[in-house]
Amino acid sequence: MSPLQYLGRRLAAFLARPRERNSHIPTSPTGLLAATLRKGDVVLVEGSSRFASAIKYLTQSTWSHAALYIGDTLGPPAEGEEPRVLVDVDVVDGVRTIPLSAFSGLHTRICRPVGLGEAEVAALAEFMLSRKGITYDLKNILDLARYFIRTPPVPGSMKRRMLSLGSGEPTKAICSTLLAQAFESIHYPILPEVELVDVDSAGARRARREILHIRHHSLYAPRDFDVSPFFQVVKPRIAHGFDYRSLDLRRPPAAGPPAA
């Protein structure tokens, strides 16, 4: 292992270490999340590590991590093990398969692509699994580390370009860019650039047509799946029948009269 690789691994371990667990109960408990997920869903996660803080700053978003739900694609787990139902990219372990409990205690969001058939969902899972073992992009780690020394005072319009940090080598990956490549492989859009072009039509003097330009995969962040017009946000409590009348809502005690 070269000195740079050693430094990168030590730095990755430091940045990935959770600083604190969320003091609030997650909006979607693990059991309810598991009952709602479908193969092909993207799971967004609000992380608490130093690394997550940098991602959230650069994207101005709650979400710092993304994973693909593959369900029972890997078959039943070995005795005593949890089923590995997610594929993600970890800063230390690289592309890996993990159980849903890995995100226990963290806020999550389900983003569901619309209209995919079984073959397309299988192709997504196969693309991600075929990259298993690929390491996290070392250049991305070193670049993100700079933002803990001094937060760069850059305008919001430049933050997305600052996310294009990876080396682009096919043997390295980061979570959102690998997912972007997976969906690109089945020609499913995430958040393309939209160009409006004037066209003549028989029914109107002039109409406008949208042309979608696919962004380079290195420019995608976890938040893009959330704001994408092509992914449905699925909230487990609502999906399983929400009735506000059944909630046990405790009102805070009324404040007493002001002190004299």
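**First stop: the nonpolar core**

Begin by selecting Val42, Leu68, Leu179, Phe183, Ile190, Phe225 and Phe231, the residues with the most contacts inside the largest nonpolar core, which has 31 residues. A nonpolar core is a set of buried Ala, Val, Leu, Ile, Met, Phe, Trp, Tyr and Cys residues joined through side-chain atoms within 4.5 Å. Buried means under 20% relative accessible area, exposed over 50%, and partly exposed in between (1.4 Å probe, protein chains only). At least two residues of this core come from each of S1, S2, S3, H4 and H7; here H and S denote helices (H or I, at least four residues) and strands (E, at least two), which are DSSP runs numbered from the N terminus. H7 gives the largest share of this core, six residues.

Next, centre the view on Leu68. Which residues is Leu68 in contact with, leaving aside its neighbours within four places in sequence? They are Gly40, Asp41, Val42, Val85, Leu86, Val87, Leu124, Ala125, Met128, Leu179 and Phe183, where contact means heavy atoms within 4.5 Å. Another core, of 14 residues, lies apart from the largest one; Tyr69, Val85, Ile98 and Val234 are among its members.

**The model as a whole**

Before going further, please note how the model is to be read. This is a predicted model, in which local features need pLDDT of at least 70 and side-chain atom pairs count only at pLDDT 80 or more, while totals for chains, interfaces and linings use all residues. Residues are numbered from 1 along each chain as its sequence is written, and side-chain values use heavy atoms, with hydrogens and water left out.

Colour the protein chain by pLDDT, the predictor's confidence in each residue, from 0 to 100. The average is 77, and 60% of the residues score at least 70. Over residues 209-213 pLDDT stays under 50, and the model has 18 contacts beyond four places in sequence for this stretch.

A cartoon view shows nine helices and 10 strands. Of the 260 residues of the protein chain, 40% count as buried. Among contacts with a separation of 6 or more, 73% are between residues 24 or more positions apart.

**The sheet**

Now select the six strands of the open sheet, which run in the order S4-S3-S2-S1-S5-S10 with antiparallel pairing. Two strands pair if DSSP finds at least two bridges between them. S4 and strand S10 (231-234) are the edge strands, each pairing on one side only. From one strand to the next the twist averages 30°.

Within the sheet, strand S1 (residues 42-45) and strand S2 (residues 65-69) are joined in the antiparallel sense over four bridges, and Val43 stands opposite Ala67 in S2. Axes are lines fitted to C-alpha atoms, for helices over the stretch in contact, and angles run from 0 to 180 degrees between N-to-C directions.

**Strands S3 and S4**

Select strand S3 (residues 86-90) together with S4: the two pair in the antiparallel sense over five bridges and form a hairpin with three residues between them. Leu86 has Ile98 as its bridge partner in S4, and Val89 stands opposite Val95.

Show the side chains of S3. In a regular strand the side chains alternate between the two faces of the sheet. Leu86, Asp88 and Asp90 point one way and Val87 and Val89 the other way, and all are buried. In strand S4 (residues 94-98), four of the five residues are buried.

Return to H7, where eight of the 11 residues are buried, including Leu178, Leu179 and Phe183. H7 is followed by His187, which has a positive phi near 65°.

Finally, select Ala221, in the loop between strand S9 (207-213) and helix H8 (223-227). Is Ala221 buried or exposed? Ala221 is buried, because its relative accessible area is 3%. Its C-alpha atom is separated by 9.6 Å from that of Lys56, 165 residues apart along the chain.
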